[in-house]
Amino acid sequence: MTTTTPAPRAVAAGAAVKRRRRRETWAAYGFLSPWVFGFLVFTAGPMIASLVLSFTDYDGIGTTHGVGTANYQQLFADPSVAKSLTNTLVFTALRVPLQMALALVLAMLLMKAGRASGVFRTIFYLPVMTPPVAIGILFLLLFNGNVGLINEVLGWVGITGPSWTTDGQWVKPGLVLTSLWSVGSTVIIYFAALRSVPRELYEAAELDGVGRWNRFRHVTVPQISGTLFFTLVVNTIASLQTFTEAYTAFFGSANSQTYSNDAALFYVVYLFQQAFQYLHMGYASALAWLLFLVIVAITLIQARVSKRFVYYEGEER
């Protein structure tokens, strides 16, 4: 029985391949290192720190003491937590479906624009660049119950507009309508998804005599269902963390006495107040972790429900 010894050239080639792979691996680590550093320093680190602080009475000034689970027990006894969380959930339930529906309508209109779609995409996206503080001020200007543009336009058709900024029942609907100012990013995402739908599917459905509504229902929606699910999750998380617009409009120094503040008391606004107005940093940390758990729970429910209606190409059913 004879054994063969690898040729020196083959051994050298194998060693060169290993060295190249090693260099590529270290290069990959090098490219990933900024993200890893940023995640550890600006995300994971603060999350761990806030978890630790949530079990203390930390106020940023005095001596910090451990309080066990007292902050979490206070969450269930604090009526403002329930009020702010309810306001946030109602706002999210109103905003997300309306934003998605409007974005889908605008995206489908863009599909009809032809070469002009590039111009309209820019027009739709420009409001996204507006600072949230400016949007909060815009809300006060447009929805003022006495001199606001919205009520003036409603008056042209004989409708008496509500007191958007002082009537608690209309505060959240007004903020929802104002938030549609930045619908452009979702429009662009839907436009890209619609362009990826195979035209052959529409042609086949049209040859079979399928109407427009059924083509939209049975062709368009299933083909872009993954994108719809993505925007549902992203917009839900963003809505649950709404802060700047509501705070600018109702909790600035000039609006501190507005009696509709309770209707605009969103969860992150209350968290901000506890942390930076009252310096209850430990309690604010507990509030932050409660919001984190709420977001995780809602996202998991959405992911579970999505299995029934989200279609992925090549997936076996």
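Which residues are buried in helix 13? They are Tyr 267, Val 268, Val 269, Tyr 270, Leu 271, Gln 273, Gln 274 and Ala 275. This report starts from the whole chain and then returns to that helix. The model is a predicted one.

## The chain as a whole

The protein chain has 14 helices and 0 strands. Read along the sequence, its pattern is α-α-α-α-α-α-α-α-α-α-α-α-α-α.

The C-alpha trace spans about 100 × 70 × 35 Å along its principal axes. A compact globule of 317 residues would have a radius of gyration near 20 Å. The protein chain has 27 Å instead.

## Surface, burial and contacts

Of the 317 residues in the protein chain, 34% count as buried. The chain exposes about 19700 Å². Carbon and sulfur atoms supply 66% of that area.

Contacts between residues 24 or more positions apart make up 69% of those with a separation of 6 or more.

## Helix 13

Helix 13 covers residues 267–277. Of its 11 residues, 8 are buried, so the helix is largely enclosed by the rest of the structure.

What do these buried residues pack against? Their partners are helix 3 (79–111), helix 11 (225–240), helix 12 (244–250) and helix 14. After helix 13 comes Leu 279, which has a positive phi, near 60°.

## Helix 14 and Leu 290

Helix 14 runs over residues 281–306 and holds Leu 290. Leu 290 has a relative accessible area of 25%, so it is partly exposed; buried would require under 20%.

Leaving aside residues up to four places away in sequence, Leu 290 touches Leu 75, Val 81 and Tyr 267. Tyr 267 is one of the buried residues of helix 13. Leu 290 and Val 81 are 209 residues apart along the chain, yet their C-alpha atoms are separated by 10.0 Å.

## Helix 2

Helix 2 spans residues 70–77. Its buried residues are Asn 71, Tyr 72 and Leu 75. Seen down the helix axis, the buried residues fall within an arc of 100°, so they line one face of helix 2.

Which residues are exposed on the other side of helix 2? Gln 73, Phe 76 and Ala 77 are. Leu 75, from the buried set, is also among the residues that Leu 290 touches.

## Two exposed loop residues

Gly 66 sits in the loop between helix 1 (8–53) and helix 2. Is Gly 66 buried or exposed? Its relative accessible area is 68%, so Gly 66 is exposed; the cut-off for that is over 50%. Apart from residues up to four places away in sequence, Gly 66 touches Phe 55 and Thr 56. Gly 66 and Ala 192 are 126 residues apart in sequence, and 51 Å separates their C-alpha atoms.

Leu 126 belongs to another loop, between helix 4 (117–125) and helix 5 (132–142). At 52% relative accessibility, Leu 126 counts as exposed. Glu 24 lies 102 residues from Leu 126 along the chain, and their C-alpha atoms are separated by 40 Å.

Notes. Residues are numbered from 1 along each chain as its sequence is written. This is a predicted model: local features need pLDDT of at least 70, side-chain atom pairs count only at pLDDT 80 or more; totals for chains, interfaces and linings use all residues. Side-chain values use heavy atoms; hydrogens and water are left out. Buried means under 20% relative accessible area, exposed over 50%, partly exposed in between (1.4 Å probe, protein chains only). Helices (H or I, at least four residues) and strands (E, at least two) are DSSP runs, numbered from the N terminus. The arc is that of the directions from the helix axis to the C-beta atoms. The radius of gyration is taken over C-alpha atoms; the globule rule is 2.2 Å times the number of residues to the power 0.38. Contact means heavy atoms within 4.5 Å. Accessible areas come from the Shrake-Rupley method with a 1.4 Å probe; for residues, only the protein chains shown count as cover.
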